[in-house]
Amino acid sequence: LTGRGTDTQYETGRGTVDMARRALPPPFSGKGESDTMIFICGKDGFVAHWGGPVGRGPPKADGSKGPKVQGPLDGVLKEAGYTVEQVFKY
């Protein structure tokens, strides 16, 4: 988010690992299995920046796009310590 005045209480600018750590629940609580789940949706570039690219399966018989597939975890959330099991991209 860019173009806002300095009087806002919200984060602005391109997402970073520090921003993710301030705004999101931690990847692990230290009590064994994590119950954290992060959902990402938006334009392809936004999703790729935060969680890595979403792929596509083969085209359907009618020629339309194939179903979305998760693809590898990458980007800010991977750098912040989240695992592929904790991030869902759509």
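Which residues make a nonpolar surface patch of about 410 Å²? Met37, Phe39, Phe88 and Tyr90 do. Before I go on, a word on what we're looking at: this is a predicted model, where local features need pLDDT of at least 70 and side-chain atom pairs count only at pLDDT 80 or more, while totals for chains, interfaces and linings use all residues. Residues are numbered from 1 along each chain as its sequence is written, and side-chain values use heavy atoms, with hydrogens and water left out.

OK, the overall layout. The protein has three helices and four strands, and from the N terminus the order is α-β-α-β-β-α-β. Those come from DSSP runs numbered from the N terminus, with helices being H or I of at least four residues and strands being E of at least two. Of the 90 residues, 27% count as buried. Buried here means under 20% relative accessible area, exposed means over 50%, and partly exposed is in between, with a 1.4 Å probe and protein chains only.

Back to that patch. Patches are built from residues with over 30% relative accessible area and no salt bridge; like charges are joined within 9 Å, and nonpolar side chains (Val, Leu, Ile, Met, Phe, Trp, Tyr) within 5 Å. The areas are Shrake-Rupley with a 1.4 Å probe, and for residues only the protein chains shown count as cover. A salt bridge, for the record, is a side-chain nitrogen of Lys or Arg within 4 Å of a carboxyl oxygen of Asp or Glu. Tyr90 sits in the segment after β4 (87–89) and is partly exposed at 44%. Phe39, Phe88 and Tyr90 are also linked into a cluster by ring pairs.

The rule takes rings of Phe, Tyr and Trp (its six-membered ring) and pairs them if their centres lie within 6.5 Å; planes under 30 degrees apart are stacked, over 60 edge-to-face, and the rest tilted. Take Phe46 and Trp50: the ring centres are 6.3 Å apart and the planes are at 45 degrees, so that pair is tilted. Phe46 and Trp50 are four residues apart in helix α2 (residues 44–51), which puts about one helical turn between them. Phe46 is partly exposed at 42%, while Trp50 is buried at 14%.

Staying in helix α2, that's also where you'll find Val47. Val47 is buried, at 3%. Gly52 and Pro72 are 20 residues apart in sequence and 6.3 Å apart in space, C-alpha to C-alpha.

Now for charge. Which residues form a positive surface patch? Arg56, Lys60, Lys65 and Lys68. Lys and Arg count as positive, Asp and Glu as negative, and His and the chain ends aren't counted. Lys65 is in the loop between β2 (55–56) and β3 (68–69), and Lys65 is exposed at 62%.

Last stop, Tyr10, in the segment before α1 (17–23). Buried or exposed? Tyr10 counts as exposed, at 59% relative accessibility. The C-alpha atoms of Tyr10 and Ala23 are 9.9 Å apart, with the two residues 13 apart along the chain.

How values were computed
Charge placed at Lys NZ, Arg CZ, Asp CG, Glu CD.
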